[in-house]
Amino acid sequence: MKDRKRILITGAAGFLGSHLCDRFVKEDFYVIAMDNLITGRLKNIEHLFPLENFEFYHHDVTKFIHIPGKLDYILHFASPASPIDYLKIPIQTLKVGSLGIHNCLGLAKAKNATLMIASTSEVYGDPQIHPQTEDYWGHVNPIGPRGVYDEAKRFQEAMVMAYHNFHGLETRIVRIFNTYGPRMRLNDGRVLPAFIGQALRGEDLTIFGDGMQTRSFCYVDDLVEGIFRLLHTNYYLPVNIGNPDEITIKDFAEEIIKLTGTSQKIVYRPLPENDPKQRQPDITKARELLGWEPKVSRAEGLKKTLAYFKSLSPDELKEIDHYNFDKYIIK
Ligand SMILES: NC(=O)c1ccc[n+]([C@@H]2O[C@H](COP(=O)([O-])OP(=O)(O)OC[C@H]3O[C@@H](n4cnc5c(N)ncnc54)[C@H](O)[C@@H]3O)[C@@H](O)[C@H]2O)c1
């Protein structure tokens with residue numbers, strides 16, 4: 001039997017996890033994909049099932065994880081990731097970021113594996129410096145509506161650093177900024193799929209606030225490349241991966257209207273509490289350390305993303321947006 005590198009990817013049936021599975025399978029790793037399907041879909045990884053270097057565990061990472069055999073890497077990506085998700089399932093979000101990472105770290109220690117966590121730009125909260133460098137400590141409200149997600153991710157970073165410092169575990173922290181691409185859900189509450197969904201359904205595009213807040217969007221292939229390179233360094237401090245190309249939400253809405261050819265208008269609604277006004281990664285570290293920078297322009301990435309959504313049947317579109325959280329919530 002071939003001596004392949006073995007990697008466990010948690011959150012494998014989600015948007016990012018499924019693209020990571022694709023990449024590591026292609027690089028000839030043996031991929032062990034794990035997911036409890038709370039926000040992910042088997043459809044995202046179903047094409048990998050016939051492959052001999054892929055297997056799927058339907059498992060909740062907040063419960064003890066047993067993986068037979070050797071393990072070289074663990075990517076802990078399981079977590080509700082969009083505001084709609086983590087507001088609906090706040091306790092699961094805190095658990096996957098605390099009990100989940102503890103289980104993964106225990107496993108990494110037992111197997112002597114390198115562990116990477118999916119951290120986030122949300123650790124910077126509503127930032128007071130722009131763009132955000134990795135040494136900025138953030139401006140987070142722990143009891144605000146986003147606290148469950150932001151603090152879970154900050155706790156994960158602290159846990160990972162503790163295992164690195166105390167047990168000498170090989171660890172990586174990637175701070176991911178807004179990423180988009182095929183397999184996102186249209187109703188996950190993030191602005192990019194929300195606009196595409198509204199345009200495809202022929203609805204007006206909703207802007208919260210005056211539209212002058214800015215965002216930057218990284219295409220998923222660029223992110224996966226950054227993650228792949230970071231995993232293969234020995235750098236254990238956080239690294240921002242994102243696209244610094246900033247755009248106001250108003251200009252972005254106009255771009256989507258033009259791209260989709262919709263005749264809809266823009267409508268304005270009040271801004272939700274703690275909505276960040278600006279988000280832009282400083283990617284100097286990724287450039288210097290990994291020789292990485294985003295390659296896919298917004299125009300090209302949006303075209304690919306739109307093509308994906310257009311390729312889905314109305315039933316599939318409905319299925320993507322279907323939630324059944326009740327099944328998972330123990331009251
Ligand atoms: N998409 C982004 O722009 C972005 C930005 C920053 C950070 N991240 C991080 O990247 C990771 C993936 O995000 P995504 O956008 O792919 O979200 P996603 O919701 O599509 O994927 C998350 C996956 O984790 C699974 N999951 C959740 N709790 C679990 C548990 N207890 N046990 C097993 N599986 C569980 C879900 O079923 C889902 O398949 C998350 O950790 C998220 O915080 C994403």
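**Stop 1: His47**

Select His47 to start: you'll find this residue in the loop between strand S2 (30–35) and strand S3 (54–58). Strands (E, at least two residues) and helices (H or I, at least four) are DSSP runs, numbered from the N terminus. This is a predicted model, where local features need pLDDT of at least 70 and side-chain atom pairs count only at pLDDT 80 or more, while totals for chains, interfaces and linings use all residues. Residues are numbered from 1 along each chain as its sequence is written, and side-chain values use heavy atoms, with hydrogens and water left out.

(Buried means under 20%, exposed over 50%, partly exposed in between, using a 1.4 Å probe and protein chains only.)

His47 is in contact with both, leaving aside its neighbours within four places in sequence; contact means heavy atoms within 4.5 Å. Asp22 is 25 residues from His47 in sequence, and their C-alpha atoms are 9.4 Å apart in space. Zoom in on the side chains of His47 and Asp22: a polar contact of 2.8 Å joins them. (That is a pair of N or O atoms within 3.5 Å; within protein, one must be able to donate a hydrogen and the other to accept it, and residues adjacent in sequence count only if both atoms are side-chain atoms.)

**Stop 2: the ligand**

Next, click the ligand. Its shell has 29 residues, with Leu16, Asp35, Thr39, Tyr149 and Lys153 the closest; a residue is near if one of its heavy atoms lies within 4 Å. Look at the ligand's oxygen atoms. One is 2.7 Å from a polar backbone atom of Leu16, and there is a 3.0 Å distance from a ligand oxygen to a polar backbone atom of Gly14.

On its own, the ligand has 820 Å² of accessible area, and the protein covers 96% of that. (Areas come from the Shrake-Rupley method with a 1.4 Å probe; for residues, only the protein chains shown count as cover.)

Colour helix H1 (15–26), strand S5 (114–120) and helix H4 (147–167): each supplies at least two shell residues. S5 gives the largest share, three residues.

**Stop 3: the cysteines**

Finally, select Cys104. (A disulfide is a pair of cysteine sulfur atoms within 2.5 Å.) Cys104 is buried, at 0% relative accessible area. Cys218 is in no disulfide either, with the nearest cysteine sulfur, that of Cys21, 18 Å away. The whole structure has zero disulfides.
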